[in-house]
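Dear colleague,

Please find below the structure for your records. The findings follow directly after it.

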Amino acid sequence: AAVIFSTGYMANVGAISALVGPGDTVFCDKLNHASIYDGIRLSGATLARFPHRDLNRLESLLKKDGAGRRLIITDSVFSVDGDLAPLRDLVALKDRYGAFLMVDEAHATGVLGSRGAGLAEALGLTAGIEVHMGTFSKALGSLGGYVAGDRRLIDYLHNRARSFIYSTALPPPVLGAIGRALAVVAQEPERRDYLLKQS
């Protein structure tokens, strides 16, 4: 299931501030997008930041920190350098330490995976990640953001994510453009193949 926000920024801010709050801890890669940090600040949760892709430091933080709910957040493709999150190891760590994982696929949506769903799909990890976020404004050339996960998560966000509840929905022409872009991604994988061969 999924919920559409009017921007990717609002998707991160709304989802994070709905999922965690005071007394919870968010473990955040240092190079995550600014919208993730803003969502953490707005939530009131404790920020436990680890150096970029440093799994040893993350594990040490998970061992000693983290009252309440424990959320690990990472970009899948980091916007500045284009490097990839170590998703397999992050899934293993969140399972080992009783956390849940949110992955921002903004720069991977439409680019990675057999259907263009992102890095989690490309690695076969979709089912092991609780919260998938992405945007329609990068490879899909439109506007808006989404959060996807199981039905219980999405029902919860429909009722608790303030940037969804108290904001204007995307207009029908934008939704039409998103729908067509998703169809192109699904039906024309050669576009992704060409892009990846150039990198």
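Which elements make a right-handed β-α-β unit with helix α2 (residues 34-43)? The unit is made by β2, α2 and β3. A crossover is called right-handed if, with the strands pointing away from the viewer, the path from the first strand over the helix to the second runs clockwise. Helices (H or I, at least four residues) and strands (E, at least two) are DSSP runs, numbered from the N terminus.

Before the details, two notes on the basis of these values. This is a predicted model, in which local features need pLDDT of at least 70 and side-chain atom pairs count only at pLDDT 80 or more, while totals for chains, interfaces and linings use all residues. Residues are numbered from 1 along each chain as its sequence is written, and side-chain values use heavy atoms, with hydrogens and water left out.

The parallel strands

Strands are taken to pair if DSSP finds at least two bridges between them. Strand β2 (residues 25-29) runs parallel to strand β3 (residues 46-50), and 5 bridges join the two. Within this pair, D29 has F50 of β3 as its bridge partner. Strand β2 is also joined to β4 by 4 bridges, again in parallel, and C28 stands opposite I73 of β4. Strand β4 in turn runs parallel to strand β5 (residues 100-104), with 5 bridges between them; here D75 is the bridge partner of D104 in β5. From β4 the chain crosses through helix α4 (residues 87-96) to β5, and this β-α-β crossover is right-handed.

Strand β4 (residues 70-75) is mostly covered, as 6 of its 6 residues are buried. Buried stands for under 20% relative accessible area, exposed for over 50%, and partly exposed for values in between (1.4 Å probe, protein chains only). R70, I72 and T74 point one way from β4, whereas L71, I73 and D75 point the other way, and all are buried.

In α2, the buried residues are S35, I36, Y37, G39, I40 and S43. Their cover includes α1 (8-19), β2, β3, β4 and β5, where contact means heavy atoms within 4.5 Å. Just after α2, G44 takes a positive phi of about 85°.

Which residues of α4 are buried? They are L87, L90, V91, L93 and K94. These residues cover an arc of only 165° around the axis, which puts them on the same side of α4; the arc is that of the directions from the helix axis to the C-beta atoms. An α-helix has 3.6 residues a turn, so residues three or four places apart point the same way. On the other side of α4, R88, D95 and R96 are exposed. The cover over the buried residues of α4 includes α3 (55-64), β4, β5 and α5 (119-122). Just after α4, G98 has a positive phi of about 70°.

K94 deserves a separate entry. This residue of helix α4 is buried, with a relative accessible area of 5%. Leaving aside residues up to four places away in sequence, K94 touches I72, A99, F100, L101, G128 and E130.

Two loop residues

D83 lies in the loop between β4 and α4 and counts as partly exposed at 23% relative accessibility. Not counting residues up to four places away in sequence, D83 touches H52, R53, S76, V77 and F78. The C-alpha atoms of D83 and N12, which are 71 residues apart along the chain, are separated by 20 Å.

R53, one of the residues that D83 touches, is found in the loop between β3 and α3. At 38% relative accessibility, R53 counts as partly exposed. Its phi is near 60°, a positive value in a residue other than glycine.

The largest pocket

The largest pocket has a volume of about 490 Å³. A pocket is an open set of points on a 1 Å grid over the protein atoms alone, where a 1.4 Å probe fits, with protein on both sides within 12 Å along at least five of seven lines; lining residues have an atom within 4 Å of a point. Grid points are joined across faces, edges and corners, and the volume is the space filled by probe spheres set on the points.

Of the 25 residues that line this pocket, R115, A117, H132, Y146 and A148 are the closest to its centre. The elements giving two or more residues to the lining are α5, β7 (145-148) and α8 (172-187). The largest share, 3 residues, comes from α8.

With kind regards
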